[in-house]
Amino acid sequence: MTLELTAKCNFRCPYCYCVWHEYPALAKPELDAAGWKTILDKCAADGVDDILFTGGEALLRNDLFDILGYARRVLPKAKFSLFTNASRLDETLIKKFKRRKIHLATSLQGLRTYGAMTGTRRSYKRLLAVVARASELKWPIAVSMTVTKANFGEAADMFVAAALSGASTIQVGPVILGGRAAANQELMISRDEWEEVKRRIRALPDAHVPYTFCDEFICSCRADTPKPLLDMWEEKNRKPCPAGKSFGVIGPNGLYRTCLHSLPKGGCR
Ligand code: SF4
């Protein structure tokens, strides 16, 4: 399960796939801690064994550790991960997550393009310093990268920067046409550009960091995507999407949906 604890975020990434940029009603009203605890009870009753806590930016919630502590009590054996943009992550917090056995994941949105790709004036340097410190503390962070038209030229450098900083794993994917990206379609890369990114990364010296490529350009769950567009980008060899089968999402207002990137035909419940 992915639990989107809040829609609030201090970044303005132009490619952000969070669905509430297209369907604002899905973000409101946000559940309070008691609401999330009720959902965690249900997760425990249903045998959920793997939860990703995310947002928005989950670290903006003042009651985050109250929710996580409760989660650990009702799901003592489950795998927990937390996705953060790392703007508030520091050594104290990394140690706190390590003690609670909560794995960390973040994204590297660019190097030269980091400010543009986060909609902030920030630099990638602090993010890489946090990734490096987490590695030194033996609680390394998984790093994901979204390739857009803007950072396409430095995608291989981003990969090297994440690997040399001590990322535990690296996940690379093209921008998905959804969320805020639906209004920023000029960020889409072509299939050829995506294959070029994969070629460049595969040609790098082996940094001994496991990595995966996500081939989904357009989420096939979407009810509103014209078929020609789907056919154009659909990766024929891709594994079937687990949405709604072994994977589900609960949004900031507590409604369940099957897919992270879209509001499927059946809507939320
Ligand atoms: S992609 Fe993540 S960090 Fe960027 S605006 Fe969306 S939730 Fe915030």
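Visitor: Which residues are around the ligand?

Guide: A residue is taken as near a molecule if its C-beta atom, placed from the backbone, lies within 6 Å of it, and here the residues around the ligand are Cys9, Phe11, Arg12, Cys13, Cys16, Cys18, Gly55, Gly56, Glu57 and Asn85. This is a predicted model, in which local features need pLDDT of at least 70, side-chain atom pairs count only at pLDDT 80 or more, and totals for chains, interfaces and linings use all residues. Residues are numbered from 1 along each chain as its sequence is written.

Visitor: How many nonpolar, polar and charged residues does the shell around the ligand have?

Guide: With Ala, Val, Leu, Ile, Met, Phe, Trp, Tyr, Cys and Pro counted as nonpolar, Asp, Glu, Lys and Arg as charged, and the others, Gly among them, as polar, the shell has 5 nonpolar, 3 polar and 2 charged residues. One of the residues around the ligand, Gly56, lies in the loop between strand E2 (50-54) and helix H2 (64-74), and the peptide bond that leads from Gly55 to Gly56 is cis, with omega near 10 degrees.

Visitor: What is the order of the strands in the open sheet?

Guide: Strands of a sheet pair through backbone hydrogen bonds, either parallel or antiparallel. Helices (H or I, at least four residues) and strands (E, at least two) are DSSP runs, numbered from the N terminus, and two strands pair if DSSP finds at least two bridges between them. In this structure 9 strands form an open sheet with mixed pairing, in the order E7-E6-E5-E4-E3-E2-E1-E8-E9. Its edge strands, each pairing on one side only, are E7 (211-213) and E9 (256-257).

Visitor: How many bridges do strand E3 and strand E4 pair over?

Guide: Strand E3 (residues 79-83) and strand E4 (residues 102-107) pair in the parallel sense over 4 bridges, and Phe83 has Ala105 in E4 as its bridge partner. E4 and E5 also run parallel, joined by 3 bridges, with Ser144 in E5 as the bridge partner of Ser107. A crossover is right-handed if, with the strands pointing away from the viewer, the path from the first strand over the helix to the second runs clockwise; E3, helix H3 (residues 91-99) and E4 make a right-handed β-α-β unit.

Visitor: At what angle do helix H5 and H6 pack?

Guide: Axes are lines fitted to C-alpha atoms, for helices over the stretch in contact, and angles run from 0 to 180 degrees between N-to-C directions. Helix H5 (residues 124-136) and H6 pack at an angle of about 35 degrees, their axes being 8 Å apart. Two residues are in contact if their C-beta atoms, placed from the backbone, lie within 7 Å, and here the contact is made by Leu128, Val131 and Ala132 of H5 together with Ala161, Ala162 and Ser165 of H6. These residues divide into 5 nonpolar, 1 polar and no charged.

Visitor: Is Ala86 buried or exposed?

Guide: A residue is buried if 20 or more other C-beta atoms lie within 10 Å of its own, exposed if 12 or fewer, and partly exposed in between, with C-beta atoms placed from the backbone. Ala86 is buried because 25 other C-beta atoms lie within 10 Å, whereas Lys101 is exposed, with 11. Ala86, in the loop between E3 and H3, has a positive phi of about 70 degrees although it is not a glycine. Lys101, in the loop between H3 and E4, likewise has a positive phi, of about 55 degrees, without being a glycine.
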